[in-house]
Amino acid sequence: MAEGSFTGFARPAVPTPQEIRDWALDPYSTAPEGRQWDLTLATDELVDTWLDLAADATCPKRSFALHVLYIYAGDAVRTNFRVHPRKRVDRLLEKAVESRDQYVELWAANTKALIRQPDLFDYHEWCNGGLVRTPRRLNPGPTRKP
């Protein structure tokens, strides 16, 4: 399959979990045309798929999947869980720790730090891939009591 020739999306703006898997596991596929496709993919319906792909060391789009997880978590916390329910985020964090993957566990640790200290949110780090390109554990300062 030639690079960029992935044609498995019926509607790229609203892909199914299986379409995402097929795309992510194709080493030659590229993201569909259009800006900010990554932002549209951080949904409750797809987040478990992204977690599975991010934990798969053989997945060609592993970094992209991790990037979408950071967008998802950042959006959840910065909107005070209006966009993504706290229960869903907590369940995802539990599943992340069970994955035993160092990058997914780092995402979980950083998400927990963000939940404890929401001012750790930085758009570049959480939504533009900064924490994926430069993986590191965020060090929250002492939490302030209201």
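Residues are numbered from 1 along each chain as its sequence is written, and side-chain values use heavy atoms, with hydrogens and water left out. Because the model is predicted, local features need pLDDT of at least 70 and side-chain atom pairs count only at pLDDT 80 or more, while totals for chains, interfaces and linings use all residues.

Helices are DSSP runs of H or I with at least four residues, numbered from the N terminus. Glu19, Ile20, Trp23 and Ala24 of helix 1 are buried, where buried means under 20% relative accessible area, exposed over 50% and partly exposed in between, with a 1.4 Å probe and protein chains only. Seen down the helix axis, these buried residues fall within an arc of 125 degrees, so they line one face of helix 1; the arc is that of the directions from the axis to the C-beta atoms. Helix 2 (37-40), helix 3 and helix 4 are among the elements that cover them.

As a general background, nonpolar side chains in soluble globular proteins tend to be buried together.

Aromatic rings come next. Rings of Phe, Tyr and Trp (its six-membered ring) pair if their centres lie within 6.5 Å, and planes under 30 degrees apart count as stacked, over 60 as edge-to-face and the rest as tilted. Six aromatic pairs are found in the whole structure. One of them is the edge-to-face pair of Trp23 and Phe64, at 5.2 Å centre to centre with 75 degrees between the planes. This pair links distant parts of the chain, with Trp23 in helix 1 (residues 17-25) and Phe64 in helix 4, 41 residues apart. Trp23 is buried at 1% relative accessibility, whereas Phe64 is partly exposed at 21%. The ring centres of Tyr70 and Trp126 are 5.1 Å apart and the planes stand at 65 degrees, so this pair is edge-to-face. Since Tyr70 lies in helix 4 and Trp126 in helix 7 (residues 123-127), the pair ties together parts 56 residues apart in sequence. Tyr70 counts as buried at 1% relative accessibility, and Trp126 is buried at 0%. Ring pairs also join Phe9, Trp23, Trp37, Trp50 and Phe64 into a cluster.

Charged pairs complete the picture. With a salt bridge taken as a side-chain nitrogen of Lys or Arg within 4 Å of a carboxyl oxygen of Asp or Glu, the count comes to ten. Arg91 and Asp48 form one of these, at 3.3 Å from N to O. Here Arg91 in helix 5 (residues 86-98) is linked with Asp48 in helix 3 (residues 47-54), 43 residues apart. Arg91 is partly exposed at 36% relative accessibility, as is Asp48 at 22%. Asp48 also meets Lys95 in a salt bridge of 3.7 Å, N to O, and this pair again connects helix 3 with helix 5, 47 residues apart. A network of salt bridges links Arg21, Asp44, Asp48, Asp52, Arg88, Arg91 and Lys95.

A further salt bridge joins Arg62 and Asp101 at 2.1 Å, N to O. Arg62 lies in helix 4 (residues 62-78) and Asp101 in the loop between helix 5 and helix 6 (102-116), 39 residues apart. Arg62 counts as buried at 16% relative accessibility, and Asp101 is buried at 9%. Beyond its neighbours within four places in sequence, Arg62 is in contact with Leu53, Ala54, Asp56, Ala57, Asp101 and Tyr103.

Definitions and conventions: Helices (H or I, at least four residues) and strands (E, at least two) are DSSP runs, numbered from the N terminus. Contact means heavy atoms within 4.5 Å.
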